[in-house]
Amino acid sequence: KSGDYWFQNTDADVVEAMLQAAIKNIANQSDNQLAWDALFKYFNANHVKGETGYAAGEKIYIKINITNSCCPSWRNQTEKINQLERMDATPQLCLALLKQLIEVVGVEQSNIYLGDPFRRFHDVYWDMLHTVYPNVHYMDGNGYNGREKTTLTTEALLQFSDGEHHSRLPQEYVDAAYFINMPCLK
């Protein structure tokens, strides 16, 4: 509808069906649960864990793209653009992925971390996701209003190719057995 933000016209049922179809297609399986198991087994077999599926207690970090929440933006150098007018990760896709991991794979909510570690986790995400899955760790750079603040590693674990620069990483990344980097689909 005219005047709505982009995320207000996204059909959650369609997004969920598309995600399910993609997972089954990638894993070459006709069943969603079998597809997820195949994906975890493939990943683990290629990361020195053997051909095993998801094991209870393993943590998963879902890094979503909410880059536009970082700073003010301007149209024509004079008019401020509302942050919600600029597209980021689709809240409906975040919800669909959480539903798959929790209700299909069987991951405990408390073992899932979701956010963009240094960006603000807007209410549009919080309201939609936290209402359904309140025990997921919703991460951001501030830790306000129920969100959890990203914790950095004590040591610089990321070494740049120039040999001089280095950076600390989110501790939640390091602690996760699986890392899902969700793109900003348009």
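User: Is the crossing of helices α1 and α2 left-handed or right-handed?

Analyst: This is a predicted model, in which local features need pLDDT of at least 70, side-chain atom pairs count only at pLDDT 80 or more, and totals for chains, interfaces and linings use all residues. Residues are numbered from 1 along each chain as its sequence is written, and side-chain values use heavy atoms, with hydrogens and water left out. A crossing is left-handed if the near helix is turned anticlockwise from the far one by less than a right angle, and right-handed if clockwise. By this rule, the crossing of α1 and α2 is left-handed.

User: Which term describes how α1 and α2 lie to each other?

Analyst: Helices (H or I, at least four residues) and strands (E, at least two) are DSSP runs, numbered from the N terminus. Axes are lines fitted to C-alpha atoms, for helices over the stretch in contact, and angles run from 0 to 180 degrees between N-to-C directions. Helix α1 (residues 12-27) and helix α2 (residues 32-45) pack at about 55°, with axes 9 Å apart. Angles under 35 degrees count as roughly parallel, over 145 as roughly antiparallel, 65 to 115 as roughly perpendicular and the rest as oblique, so α1 and α2 are oblique.

User: Which strands stand at the edges of the sheet?

Analyst: Two strands pair if DSSP finds at least two bridges between them. The open sheet has five strands in the order β6-β5-β4-β1-β9, with parallel pairing. Each edge strand has a single partner, so one side of each lacks a neighbour in the sheet; these strands are β6 (148-149) and β9 (178-181).

User: Which residue of β4 stands opposite Lys63?

Analyst: Strand β1 (residues 60-63) runs parallel to β4 (residues 112-115), and four bridges join them. Opposite Lys63 stands Gly115.
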